[in-house]
Amino acid sequence: MAITVEIPSPLREATGGQTAVVVTGTTVAAALADLIRQHPLLESKLFHEGRLRPYINVFVNDEDIRYLEEMQTPVSDGATIALVPAVAGG
């Protein structure tokens with residue numbers, strides 16, 4: 001099962017510059033676990049004490065997982081997961 005995780009610019013340093021990484025898994029949690037297995041430096045940028053950092057927004061095929069089943073949101077072959085860090089400023 002191939003799922004594509006889109007990597008935003010601020011996180012690409014941890015993936016060697018890759019803009020997307022192909023992972024496997026049946027849920028967002030499993031897919032992100034595979035992403036971290038492939039690129040361990042992402043763990044501290046995405047998670048704190050085992051929980052997704054609040055400023056990291058996750059979308060599956062353009063749907064915000066906060067309005068689905070959060071980390072247990074199912075993903076299927078060909079799905080795209082987008083990691084979107086919140087932007088602040090004034």
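Mentor: Strands (DSSP E runs of at least two residues) and helices (H or I runs of at least four) are numbered from the N terminus, and two strands pair if DSSP finds at least two bridges between them. This is a predicted model, in which local features need pLDDT of at least 70 and side-chain atom pairs count only at pLDDT 80 or more, while totals for chains, interfaces and linings use all residues. Residues are numbered from 1 along each chain as its sequence is written, and side-chain values use heavy atoms, with hydrogens and water left out.

Trainee: In which order do the five strands form the sheet?

Mentor: The order is β2-β1-β7-β5-β6, in an open sheet with mixed pairing. Strands β2 (20-23) and β6 (63-64) are the edges, each pairing on one side only.

Trainee: How many bridges join β1 to β7, and which residue in β7 is the bridge partner of Glu 6?

Mentor: Strands β1 (residues 3-6) and β7 (residues 80-85) run parallel and are joined by three bridges. Glu 6 has Ala 82 as its partner in β7.

Trainee: Which strands does α1 lie across?

Mentor: Helix α1 lies across β1, β2, β5 (56-60) and β7, at about 115° to β2. Such angles run from 0 to 180 degrees between N-to-C directions, with axes fitted to C-alpha atoms, for helices over the stretch in contact. Contact means heavy atoms within 4.5 Å.

Trainee: How many salt bridges are there?

Mentor: A salt bridge is a side-chain nitrogen of Lys or Arg within 4 Å of a carboxyl oxygen of Asp or Glu. The count by this rule is two. One joins Arg 37 to Asp 34, with the closest N and O atoms 2.7 Å apart. Both belong to helix α1 (residues 28-38), and because they are three residues apart there, about one helical turn separates them. Arg 66 and Asp 64 also form a salt bridge, at 2.5 Å from N to O.

Trainee: Where is His 39 found, and which residues does His 39 touch?

Mentor: His 39 sits in the loop between α1 and α2 (43-46) and is buried, with 13% relative accessible area. Leaving aside residues up to four places away in sequence, His 39 touches Ala 14, Thr 15, Gln 18 and Val 21. With Gln 18, the His 39 side chain makes a side-chain polar contact of 3.1 Å. A polar contact is a pair of N or O atoms within 3.5 Å; within protein, one must be able to donate a hydrogen and the other to accept it, and residues adjacent in sequence count only if both atoms are side-chain atoms.

Notes: Buried means under 20% relative accessible area, exposed over 50%, partly exposed in between (1.4 Å probe, protein chains only).
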